[in-house]
Every structure is written in structure tokens, then in C-alpha cells.
Amino acid sequence: MLGASLFPGGGRADGDGKETVTEDAAAKGNAAASVLARSVENWGDDDARSVIPMEASATGYPPRTMTLSVRVVGVGDAFTARYYNACLLVESADTRLLIDAPPALARALRDLGDRGGPVIGLDDVDHVLITHLHGDHMGGLEQFLFWRRFVTGRRATLHAIPEVLAGLWDARLRGGMEVLMDADGARHPLTLADYAEVLPMPAAGEEFRVGALTLAWRPTVHHIPTSALRIRAGAATFGYSADTAFDPSLIAWLASADLLLHETNHGTHTPLDRLVGLDDSVRERMKLIHYPDDHDVAGSPIRCACEGDRYDL
Ligand SMILES: [Zn+2]
């Protein structure tokens, strides 16, 4: 049987004793080997994936917030050597939504520690929304989905616009996740729907619900299809630019938010001076994210979101 350290909430997908991982592997914390071994026992076992109710916290996460809260998991750009890539955790009532899933996701969540709130892990996220297909925004999704299907069996929901969902599987994840082979050579085909409940976002501007949250998205000016977001709960609204060139119409769409996280960076992104030129009324509710490593956080003319920050709106 596996040690509790690998399955922190006792959330094992197989409750019937079909364990194939040795004590030795568990003792070494060899999660990758465990995933592979467990996969043999769990093909198509949908019942196994529903043994843990979504409202339960596998890692003992305390009662969830009743406000709209935003925790900053990562603030960096695609090239950062200082930060985690931009990533946010939005919570309200019994809903916890991760915005983007960057590489090293488990470590990024762990490194939040208790800064700004309780410690969380891969099993404490109910819903994931991917803004676009660049690797710094979705490179941790394979880790998340493998963990949830083969290690703890906790099914999550996955949200994105249809173009992103299609590319997510066909251009990004399929190579490593579509056909998995057992040690005996048996091959098992899987689809994205086998890993998560896949929920395409509706048309731009149309509101939709993710648990206690009400969302709407809007296309940004970026290399590939990308979704900016407005998220509200009760009277509170949070706005997120995602990756974008400077776009006054996007800022106007986001400007009603109580908190607006806006990207800034070099190249085709939003130049800092364009944001500095905005009205005070917008700038005072704005924080920067996705900024380059050389950005002067302490001396920034617009306040920066920092990893570990928590904003309760
Ligand atoms: Zn991007």
C-alpha cells in the first residue's frame, strides 16, 4: 500500500486493493513511477475517479472564502528566470478556479505556502481555465491532468474557448497523453475528456458560470487566440488582461473591475508607458503581471502583483 505522503488525502483512485506500486517506490516519492503503475489498474474506471467528492479537500484545505479572492501564483513572462509564469487562483464560496497552468505548476502552488492563505496543492483546484496555448500558460496542464486521473482520481473541469481546447489536445497534449502503453505492451487510447470535464466557453462577452463565479471573456491582441477575463462574484469583479498588446478597448472592457491585473512586457506586449498614461481612476485599480525579470518592482509606476499576494474584493 502506498504511503500517505503520495496521496495526502487518502484519495486513492482504487479503493479495492488493486494496488500495484511497491512500498519502495512510494517511500522514494516516485510519483511518476506510481502514475505509470497505477494506470494499468485504472483504465476506463470511471467509478474510481468519482470516489472523492469535489467539495472535499484532499489536502485539508480550510473552509473556502465567501468573498471574491485572487491569489497570485506566478507573475513572470515566457522567459522568466526569477518567477513562476503568470498564474492566478480565483476563489469564491465553494469554487476554486485556476487561471492558466504554467510549467512546474505543483511547485508553484506549493511555493505559495501559507502566504496569502492556506497551503494548496494540485488536488485543491476544482476548475482550470486556459487563456491561450503558449507554453508559459499551459505547460503544467499535463502534470495536473495526469495527477488527477492516475494518482488521486479527482476529476476537474477544464475551460477555454473552442479554438484553444482544440489546439490544447491536437497541438499540445496529444503526443504525450493520447495513447499510453502498459508494461505488457497493451495500448490504451484516451481523449481529453478522459482526463477532465471539458467545457468550451461561450461566445465572447456572453456570461457563463463556473461554480460560484460568473465569467465573461474577450479576445485580446496577441499572436494566437487569447482570452481576457472578467470574473465576478456578488458585487465584486476582477479583470485580467491575459497576454495582449496595448488595446484601449480591452482596458475599457476591464475598467469596471474592482481589481484589474494587466500584463506588461517588451515586444508585442503592452508597453509600460501606455499603461502609465491611463487615467488615474483606472490605474489606481490596476496591478501589473507578466512583467519582465528586469522590471523594477519596488520602483514601478504602477503597483506590481507579487507571488503570494492575495486580494479579497
Ligand atoms: Zn502568450
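Student: How many bridges join S2 to strand S3 (residues 95-99)?

Tutor: This is a predicted model, in which local features need pLDDT of at least 70 and side-chain atom pairs count only at pLDDT 80 or more, while totals for chains, interfaces and linings use all residues. Residues are numbered from 1 along each chain as its sequence is written. Strands are DSSP runs of E with at least two residues, helices are DSSP runs of H or I with at least four, both numbered from the N terminus, and two strands pair if DSSP finds at least two bridges between them. S2 and S3 run antiparallel, and the number of bridges that join them is five.

Student: Why is strand S2 (residues 87-92) described as largely enclosed by the rest of the structure?

Tutor: A residue is buried if 20 or more other C-beta atoms lie within 10 Å of its own, exposed if 12 or fewer, and partly exposed in between, with C-beta atoms placed from the backbone. Cys-87, Leu-89 and Glu-91 point one way from S2 while Leu-88, Val-90 and Ser-92 point the other way, and all are buried. S2 is therefore largely enclosed, since the buried residues of this strand number six of the six.

Student: What is the value of phi at Ala-93?

Tutor: Ala-93 has its place in the loop between S2 and S3, two strands that form a hairpin with two residues between them. Ala-93 has 16 other C-beta atoms within 10 Å, so this residue counts as partly exposed. Its phi is positive although the residue is not a glycine, with a value near 50°.

Student: Is His-290 buried or exposed?

Tutor: His-290 lies in the loop between S14 and S15, and its phi is near 60°, a positive value in a residue other than glycine. With 28 other C-beta atoms within 10 Å, His-290 is therefore buried.

Student: What separates the C-alpha atoms of Ile-302 and Val-276?

Tutor: Ile-302 is placed in the loop between S14 and strand S15 (310-312), and because its C-beta neighbours inside 10 Å number 16, it counts as partly exposed. Two residues are in contact if their C-beta atoms, placed from the backbone, lie within 7 Å, and Ile-302 touches residues including Leu-275, Val-276 and Arg-283, when residues up to four places away in sequence are not counted. Ile-302 and Val-276 are 26 residues apart along the chain, and the separation of their C-alpha atoms is 6.9 Å.

Student: Which strands stand at the edges of the sheet, each with a single partner strand?

Tutor: Six strands form an open sheet with mixed pairing, in the order S9-S10-S11-S12-S13-S14. A strand with a single partner has one side left without a neighbour in the sheet, and so it is for S9 (208-210) and S14 (286-289).

Student: Which residue in S13 does Gly-239 stand opposite?

Tutor: Strand S12 (residues 236-240) pairs in the parallel sense with strand S13 (residues 259-263), over three bridges. Opposite Gly-239, the residue in S13 is Leu-260.

Student: On which residue is the kink in H6 centred?

Tutor: Helix H6 (residues 162-177) has 16 residues, yet its end C-alpha atoms are only 19 Å apart, short of the 22 Å that a straight helix would reach at 1.5 Å a residue; the expected span is 1.5 Å times one less than the number of residues. The bend at a residue is the angle between axes fitted to the seven residues ending there and the seven starting there. In H6 there is a kink of about 40°, centred on Leu-168.

Student: How many residues of helix H5 (residues 141-151) are buried?

Tutor: The buried residues of H5 include Leu-141, Phe-144, Trp-147 and Arg-149, and Leu-141 is also among the residues that Ile-130 touches. H5 is largely enclosed by the rest of the structure, because its buried residues number nine of the eleven.
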